[in-house]
Amino acid sequence: MKKILILPLLFLVLTAQADEAKRLYEISGQYYDNQKYDSAVIVGEKALPLLRQKGMKDEEAEELSILSVCCMRQSEYDKALQYAKACNKLDHESGDAERISSSLNTIGSIYVAAKQPQEALKYLQQALQYAEKTGIKARIALTCGSLSEAEFAQEHYDEAISYIDRAIQLEREEGREAKLHVRLSQKATILAGMGQKQEAVAIFDSIIPYFRTTGNHQSLAISLNKAGQALIEMGNTNEAKQRQAAEYFREAARLCREMDNPYNEMQARHGLYQALWTLTPDSARIELEAFNLLKDSLYNQASAETLAKYNAEFGVDELQEQNTSMRRWYTYIIIIGVVLLLVAIVIVVRQAKLTRLQRKRLNEVTMTLDELRQQYEHTNTTDDSEQQQDTLTEQDKDFLTKTMSAITDQLEDNHVNVDELASTLAMSTSQFRRRLTAITSETPQAYITNIRMQKARYLLDTQAELSIFEVALRCGYDDQSSFTRAFKRFFGITPSDYLAKKQ
């Protein structure tokens, strides 16, 4: 009798664990999309063993990709490489050339960041071969950009310029403004390294305002640091250049601190110290102290990681004691699993209702103004109770139409930024958020996601010649993984599975 009861309880526990794995995986992706790398790693490392345990290989590969990039941003290169190589192994098993190229490119980029360019080239050259097989220009451009960095790190300037010029040309052909500016930043860095600092600064000055307006803080911080360093080297006796360099470094330091990027913040603090030394020595000393604190912090962090590895290797007795304690809690886990299942059922029912309402809103926001008017006139004559909930004023309809138009324009430029949307509508960000939420019952980010997903579904339905990666780009996503996660969260199915069901 006990065995009969235990089996369904175990099934409930396993189901709850699968739901938890998916939930953590999605939260990690959201943190990554918002450039909150520290939080993405914390959640992602909890999700990874659950995904692996449940055999969710696609989600596991995406989570490994997220973790590898986040760890690279945090300068934890050993961890980043472990995650990236594990991801590449799964990608090779899938046989998907685009995925293989992507993970090989990530490995190469990590080696470049870790100052091992020779090792990076081995992976990046393979990545380019797979990218060429896909025929996707954006993928080829991305890999060429990484190869230019690896060649530049070895002072192979001709090869570096050749790769980055090819990447720039491909981005121009594709009309990808956001990525074009990233490639231009890479070229400026190479030119500065070659001694052509005036030309490099001119490029940096032209692209920095773009990064500010689009909210690409990572590229902005790097460009500010590089431009500041070039200005210092150009103008040791020029006060105006020193002041401009100090402004660039100060902005970069602030951005890096907000993104929890200590390595690049350390570079910014050191640059700020150099720029201020001849202007205000007292301020320069403060920045030098901040630089030293960051340097010590990174050293202590590396030491702590080494100690943690030692404890993990020799803490066998403690682990056994924990295992004994875990057995004691096994019965409690089963009970908790049953409770979680009941809660999950309630959530599913509620979510289904919310999803229906969300689809209705989605249909509304993707119509033209005339179609909106027709729908609401029909609603007025068919359902008085819905009329009270869904009737919009002419001002509300006008606001939604203008918002949709602004979002569409941003999607065509491969970026969407709430602050810029508000500015386009001559509103403050807080006013825009309150107005949109009051009309649609959605946050601006959720509203934007609705439009992105509707556009994605339309492209998948009507333009079969586009790859999923190209659809992602047209919907404002920089990479296929982020797009796949968002599409699956919204529709409950991956883009590839959606296409397969249509055939």
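Okay, housekeeping. Residues are numbered from 1 along each chain as its sequence is written, and side-chain values use heavy atoms, with hydrogens and water left out. Since the model is predicted, local features need pLDDT of at least 70 and side-chain atom pairs count only at pLDDT 80 or more, while totals for chains, interfaces and linings use all residues. Helices here are DSSP runs of H or I, at least four residues, numbered from the N terminus.

Let's start with H10 and H11. Helix H10 covers residues 197-214 and helix H11 covers 217-234; they pack at about 150°, axes 9 Å apart. The axes are lines fitted to C-alpha atoms over the stretch in contact, and angles run from 0 to 180 degrees between N-to-C directions. So H10 and H11 come out roughly antiparallel, the label for angles over 145 degrees. Their crossing is left-handed, meaning the near helix is turned anticlockwise from the far one by less than a right angle.

Who touches whom? On the H10 side the contact includes Val201, Phe204, Ile207, Ile208 and Phe211, and on the H11 side Leu220, Leu224, Ala227, Ala230 and Leu231 are among them. Contact is heavy atoms within 4.5 Å. By class, this H10 contact with H11 has 11 nonpolar, three polar and four charged residues. For the classes, Ala, Val, Leu, Ile, Met, Phe, Trp, Tyr, Cys and Pro count as nonpolar, Asp, Glu, Lys and Arg as charged, and the others, Gly among them, as polar.

Next pair. Helix H5 (97-113) and helix H7 (137-153) pack at about 20°, with axes 10 Å apart. That makes H5 roughly parallel to H7, the label for angles under 35 degrees. This crossing of H5 and H7 is also left-handed. From H5, Ser101, Ser102, Asn105 and Ser109 are among the residues meeting H7, where the partners include Arg139, Thr143, Ser146 and Glu149. The tally for H5 with H7 is three nonpolar, six polar and three charged residues.

The search of the whole structure turns up one cavity of 30 Å³ or more. A cavity is a set of points on a 1 Å grid where a 1.4 Å probe fits but cannot get out, and lining residues have an atom within 4 Å of a point. The lining is Tyr25, Asp58, Glu59, Glu62, Thr484, Lys488 and Thr494. Helices H3 (57-73) and H24 (480-491) each give two or more of those residues, and H3 gives the most, with three. By class, the lining has one nonpolar, two polar and four charged residues.

Key
Angles under 35 degrees count as roughly parallel, over 145 as roughly antiparallel, 65 to 115 as roughly perpendicular and the rest as oblique. On a 1 Å grid over the protein atoms alone, a cavity is a set of points where a 1.4 Å probe fits but cannot get out, and a pocket is an open set with protein on both sides within 12 Å along at least five of seven lines; lining residues have an atom within 4 Å of a point. Grid points are joined across faces, edges and corners, and a volume is the space filled by probe spheres set on the points.
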